[in-house]
Amino acid sequence: MRRLPRYVRVGLLGGFIIIYLTAVGMIAAFHERNIITGVVQFSVVLMTLVYMAAGYLAARAPKGGSPPLRPTRDALIAGAVGGVLVGVFVILMTVLADAGYTPRDMFIAITPATLDILSFDQGTYLSLPVQAVLGAVLGLAGGYLSTATPNVRSTVTRAISATLIGALGAPLFSVMMAGLGIPSRWLFRSEGLTIVGTVFVVGVTLLLRWYLLRAGGVRNALDRVPGVTRKNVNVVTWAVVGVVLAVLPWIVNTFVSDVLGTVGLYILLGLGLNIVVGYAGLLDLGYVAFYAVGAYSVAVLTARSSFLVGADVTNLAPDGFMNFWVAIPLTIVIAVIIGVLIGAPVLRLRGDYLAIVTLGFGEIIRTLVLSDWLKPYLGGPQGITEIPSVPVGPFNARDPRILYYLILGFVLVSYFVSTRLKYARIGRAWAAMREDEDVAEGMGISVIKYKILAFVMGAAVGCLGGAFFAAKLSVANPGSFTLLVSINVLAVVVLGGMGSIPGVVVGSLVLVGLPELLREFGEFRLHIYGIILVAIMVFKPEGLFPDARRARELRGEATVKEPVPALAGAAE
Amino acid sequence: MNGSVLSLSNVVSGYGASEVLQGVTIEVRPGETVCLLGSNAAGKTTTLRTILGLVRVRSGEVVFNGERIDGLKTPAIVAKGITMVPENRRLFAKMSVRENLEIGANLRTDKAAILKDIEGVFEMFPRLSERAKQRAGTLSGGEQQMLAIGRALMADPAVLLMDEPSMGLAPILVEQVFEKIQEISGRGVTIFLVEQNANLALSIADRAYVIQTGRIVLQDTAEALLANPDLSKAYLGELDSVGE
């Protein structure tokens with residue numbers, strides 16, 4: 001059988017994606033979500049984007065191939081093919097339902113109401129022409145984008161992205177504007193942009209774009225301003241970042257502050273794991289162990305119900321065994337000891353074996369805290385409750401805002417320490433060990449010592465995350481320390497780029513912050529999360545914010561060779 | 001014999017169930033260039049790895065400067081003054097040329113002297129100095145070998161172990177590499193060299209040993225060995241004195 005032409009394949013793929021989105025329920029759920037309130041819903045935007053992408057791809061040269069002869073026609077057909085497929089799907093589903101076969105048994109999202117969304121309320125049989133025309137028009141638009149000049153293309157994509165960001169972030173932005181005392185009703189309504197708001201966002205984007213294009217980029221635009229040097233641009237940038245971080249909790253609501261605190265916890269965990277995985281190259285799948293150790297240590301040391309205070313829980317001590325700030329150094333000591341205990345037996349293992357064993361250690365810690373054996377001390381399945389909040393003078397640290405500052409402080413310290421470690425002798429030794437253990441040993445680097453050091457430092461930073469987690473929730477129980485935490489933290493590190501410190505921050509914001517803020521995406525959170533992860537692994541395998549050296553390791557060597565007169569004829 | 005800087009006596013070592021070295025005795029005197037010849041799988045690399053502690057000694061002794069070093073960990077042995085230029089260079093390909101040299105000096109703390117030695121390596125291999133900031137992996141084969149040698153020299157060793165420095169290099173480069181080895185030897189560094197290219201190795205060595213299936217089967221001065229017809233037999237594994 002001959003292969004179908006590319007535009008047909010692309011179109012069919014687009015149609016299939018829309019059917020898929022329908023079947024998993026995204027189209028129905030996102031029909032409730034306004035983009036431009038009362039005019040465009042997110043469901044429609046999704047369809048639009050798919051059709052445009054189909055047209056865009058159809059009109060573009062495939063990887064390693066030649067560009068299509070008639071890009072416009074191809075784009076049009078691709079969109080139309082996708083539309084026809086969706087239309088056929090709607091008709092088929094309706095016919096099946098009429099004949100007594102209910103697709104809803106399997107796909108609960110395929111309801112008549114959902115199908116009405118696909119046919120734009122034009123009835124089952126009109127859905128085919130409606131979708132076909134829609135697909136064709138949008139495919140054409142996508143095709144136009146791919147043949148347009150890069151300037152036009154990036155301007156249009158930026159305008160679209162700005163609108164989407166504005167609309168999806170509407171709940172957050174309106175809260176922030178309220179915090180700053182700026183009226184936002186004209187811009188946002190019902191979680192979407194108003195028509196005026198859309199015009200405003202697109203207008204601002206276009207103006208900015210026009211100005212920057214004329215000035216030749218941000219750098220040049222800034223260079224043009226008198227008295228601005230690169231150095232004071234940096235200073236100003238950092239000052240702005242500092243001020244934003246400092247005032248952030250007061251312009252967002254407590255929920256967002258709370259989310260920021262959680263992001264901070266993951267940054268702490270990520271920075272710790274980054275030392276183990278990113279610097280030393282030891283794949284640790286049981287990192288949650290240190291999170292648990294931190295949380296339980298603080299719990300046992302500070303909770304009123306802790307066995308250290310006395311078995312008689314009715315006779316509550318005014319405070320726990322000790323103050324949080326005294327408990328923190330002790331917690332670090334405990335984590336370091338456990339780090340050595342875990343690190344020592346796995347030193348001889350490499351790669352996959354190490355990963356499996358650390359995975360086991362993570363589970364061992366969880367099973368231990370869950371066990372009856374340690375129940376008198378660690379509370380078994382109930383865990384330890386009534387952990388007091390962090391004492392910070394007159395402030396109430398149950399307030400997410402205060403907690404935010406505390407966590408921010410520890411993140412900054414860990415950030416600084418991480419940076420110093422990376423560029424110090426020890427960081428270089430880790431890098432050498434990661435590349436070639438044998439040769440590193442031959443250079444006098446004691447692999448055993450440096451592996452233990454990596455585990456210990458990772459443990460020390462990670463336990464801080466656990467400590468704040470316990471103080472924040474006032475409970476430590478085994479349910480919070482599952483394998484999923486290890487995986488999430490690892491995902492944060494990998495997504496940001498292994499070994500990259502800013503990468504950990506970006507990774508936490510994307511993987512922990514975004515899903516919390518986009519709660520309405522509800523059951524699709526993990527779904528979208530998965531799509532993002534796959535997309536990043538395909539398009540940016542070195543991570544969002546890669547460490548320069550790591551990026552090289554992944555991209556492989558691009559050999560820079562110039563003619564070498566003295567060493568001409570070099571082999572290899 | 002007295003006055004040896006490095007000596008192996010009846011060393012047995014190997015991996016797992018296989019005994020690769022079956023009682024090897026070698027002696028290297030200060031300032032000498034000694035080479036170990038042998039065919040594939042004769043135990044040449046294992047000998048070097050055993051000296052450096054990367055393979056455990058099962059019986060026998062390794063003595064360095066009158067002190068037993070078998071049983072010590074590799075970093076401790078390196079600290080005593082033995083370094084190796086590994087087979088196939090094995091540079092830290094993603095690090096810069098300079099970083100590779102710095103790693104070589106990992107055990108030293110005398111910053112000023114380290115800087116001076118880096119300059120010394122750059123003087124010896126001017127091409128490396130031109131490429132100080134370039135990634136080691138992007139160097140040509142010859143340059144990589146130079147860097148591997150420079151990296152080993154950065155530990156300021158008394159004895160330099162070299163594993164097949166000619167491997168994978170074009171003849172003209174091999175010549176250059178061997179010239180540099182002579183230059184290093186001229187500075188008083190003792191060199192213990194493993195090679196397959198017997199003629200070339202013997203041309204710069206003072207003495208040589210020939211190893212066959214884990215045993216030393218011949219040993220002599222370089223000139224004498226060059227003239228010895230048994231040499232090629234040993235290479236082909238046909239020397240009778242070794243029969244099982």
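Guide: Start with strand pairing: two strands pair if DSSP finds at least two bridges between them. The model is predicted. In it, B:Tyr209 stands opposite B:Gln219 in β10(B).

Visitor: What makes strand β9 and strand β10 of chain B a pair?

Guide: Strand β9 (residues 207-212) and strand β10 (residues 215-221) of chain B share six bridges, in the antiparallel sense. The definition asks for at least two, so they pair. Two residues lie between the strands of this hairpin, and B:Thr213 has a positive phi near 35 degrees.

Visitor: How do you know that strand β4 of chain B pairs with β5(B)?

Guide: Strand β4 (residues 57-64) of chain B and β5(B) have two bridges, antiparallel. At least two are required, so the pair counts. B:Phe64 has B:Glu67 in β5(B) as its bridge partner.

Visitor: Why are β2 and β5 of chain B called edge strands?

Guide: The open sheet has four strands in the order β2-β1-β4-β5 (chain B), paired antiparallel. β2 (18-28) and β5 (67-68) of chain B each pair on one side only.

Visitor: Now chain A. What are its domains?

Guide: Chain A is divided into domain 1 (6-215), domain 2 (272-481) and domain 3 (483-550). The C-alpha centres of domain 1 and domain 3 of chain A are 25 Å apart.

Visitor: How do you know that domain 1 and domain 3 of chain A are in contact?

Guide: Contact means heavy atoms within 4.5 Å. By that test, 11 residues of domain 1 of chain A touch seven residues of domain 3 of chain A. The two domains bury about 750 Å² between them, 76% of it on carbon and sulfur atoms. A:Met26, A:Phe30 and A:Leu168 supply 48% of the area on the domain 1 side, more than any other three residues there.

Visitor: How many salt bridges and polar contacts link domain 1 and domain 3 of chain A?

Guide: The salt-bridge count is zero. Helix α2 (residues 26-30) of chain A gives the most to the domain 1 side, with three residues. By class, that side has eight nonpolar, one polar and two charged residues.

Note on methods. Residues are numbered from 1 along each chain as its sequence is written. Chains are lettered from A and ligands numbered from 1 in the order in which they are written. This is a predicted model: local features need pLDDT of at least 70, side-chain atom pairs count only at pLDDT 80 or more; totals for chains, interfaces and linings use all residues. Side-chain values use heavy atoms; hydrogens and water are left out. Domain bounds come from an automatic or database domain assignment. Buried area is the accessible area (1.4 Å probe) that two parts lose on being put together, summed over both. A salt bridge is a side-chain nitrogen of Lys or Arg within 4 Å of a carboxyl oxygen of Asp or Glu. Ala, Val, Leu, Ile, Met, Phe, Trp, Tyr, Cys and Pro count as nonpolar, Asp, Glu, Lys and Arg as charged, and the others, Gly among them, as polar.
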